[in-house]
Amino acid sequence: MIDGTSLAEQFKAQIRQRVAVLQSQGRPVRLDAMLVGGADSPGAIYARNQAKTCLEVGIDYHLHELTNAATEDDILGRVLLLNANEDVRAIMMHLPLPDGVDTERIQSMIAVEKDVEGVNPANIGKVVYGRRSLVPCTALAVMEMIESTGVKLEGACAVCVGASNIVGKPVAVLLMRAQATVISTNVHTQDLDGLVRSADIVVSAAGVPNLVRGDMIKPGAIVIDVGINRVKGEDGQMHTVGDVAFDEVSQVAGYISPVPGGVGPVTVAMMLRNTVEAAERLGG
């Protein structure tokens, strides 16, 4: 079992040390987050948890709240103000944004050097070219979880199921940079079962419950489940599950991440690490 919660705590301990060093130099670490819709927004709970997590590691958390009446120009204007503020070193946007707002346009306007979620297309492009950048947090989390197993990546066959801009594609590129042989697939891929069965490493981020079954896994393979799906259980209650049929796959895989308690906590830790990274860079 790749315990994401435990792994995240290890990263937070390292982050806490880096924050303390910066603070001792008179360089406080600060994260500015934007939330549209206030307390009624779907992102409000995450914002509160984020504030608590930042406090744990010594990061100053500033939440900028806009009402549901905020227009795309209102949101964009706030982003540009934060970009121009020299005291602001790290910016992130809580999602979802209101209907009618172009999320990609807003994200693309976050200053590259302050984009701690790695959602600006320029940062994603730097991942492709192997240049130093703020990498999308979930992709970073996936790589850290794979590397925590100690399994050699060079020459390994990795299959990524799902090719989103902030998970599937950057994960595939990062695996390529680690000298793995990467196959990018999706739910429409012909012989998906056979391709997954050939993999030493499987990363599923397709958003389809139970897409990856036990008979699709090579014995001993690493399986990282990025899927987050809400399904009704036999008890009639809604439950969060991943893309992987955990009970089946865990009997075959060498390493597996659970949902919840897997990629999620590590993703949060990577966002905090990117925040520190941005503060260190902007501070010289």
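The model is a predicted one, in which local features require pLDDT of at least 70 and side-chain atom pairs are counted only at pLDDT 80 or more, whereas totals for chains, interfaces and linings use all residues. Residues are numbered from 1 along each chain as its sequence is written, and side-chain values rest on heavy atoms, with hydrogens and water left out.

Between the C-alpha atoms of aspartate 215 and threonine 181, which are 34 residues apart along the chain, the separation is 22 Å. Asparagine 210 also belongs to the loop between strand S6 (201-204) and strand S7 (222-225); its phi is near 60 degrees, a positive value in a residue other than glycine, and with a relative accessible area of 38% asparagine 210 is partly exposed. From asparagine 210 to serine 41, 169 residues away in sequence, the C-alpha to C-alpha distance is 29 Å. A positive phi, about 75 degrees, is likewise found for glutamine 179, which is not a glycine. Glutamine 179 occupies the loop between helix H7 (168-177) and strand S5 (181-185), and its relative accessible area of 53% places glutamine 179 in the exposed class.

Leucine 95 and proline 96 are joined by a cis peptide bond with omega of about 5 degrees, and proline 96 is located in the loop between S3 and H4. For the cis peptide bond that joins valine 259 and proline 260, omega is about -5 degrees, and proline 260 falls in the loop between strand S10 (255-256) and H10. In the loop between H4 and helix H5 (121-129) lies lysine 114, which is buried, its relative accessible area being 4%. Lysine 114 is 40 residues from glutamate 154 in sequence, and the two are 32 Å apart in space, C-alpha to C-alpha.

The largest pocket holds about 910 Å³ of space. On a 1 Å grid over the protein atoms alone, a pocket is an open set of points with protein on both sides within 12 Å along at least five of seven lines, and lining residues have an atom within 4 Å of a point; grid points are joined across faces, edges and corners, and the volume is the space filled by probe spheres set on the points. Of the 35 residues that line the largest pocket, Tyr46, Thr138, Ile166, Ile228 and Thr267 lie nearest its centre. At least two lining residues each are supplied by strand S3 (91-93), helix H4 (103-108), helix H6 (137-147) and helix H10 (263-282), with H10 giving the largest share, 6 residues. The lining comprises 20 nonpolar, 13 polar and 2 charged residues, where Ala, Val, Leu, Ile, Met, Phe, Trp, Tyr, Cys and Pro count as nonpolar, Asp, Glu, Lys and Arg as charged, and the others, Gly among them, as polar.

The structure holds 0 disulfides, a disulfide being a pair of cysteine sulfur atoms within 2.5 Å. The sulfur of cysteine 157 has its closest cysteine sulfur in cysteine 160, at 10.0 Å, and this is too far for a bond. Cysteine 157 is buried at 16% relative accessibility, as is cysteine 160 at 1%. Elsewhere, the charged end of arginine 131 sits over the ring of tyrosine 129, 5.1 Å from the ring centre; the criterion requires NZ of Lys or CZ of Arg to be within 6 Å of the ring centre and within 35 degrees of the ring normal.

Methods:
1 Å grid on protein atoms, 1.4 Å probe; cavity = no way out; pocket = protein on both sides within 12 Å on 5 of 7 lines; lining within 4 Å. Helix = DSSP H or I, 4+ residues; strand = E, 2+ residues; numbered from the N terminus. Buried < 20%, exposed > 50% of the residue type's maximum accessible area, 1.4 Å probe, protein only.
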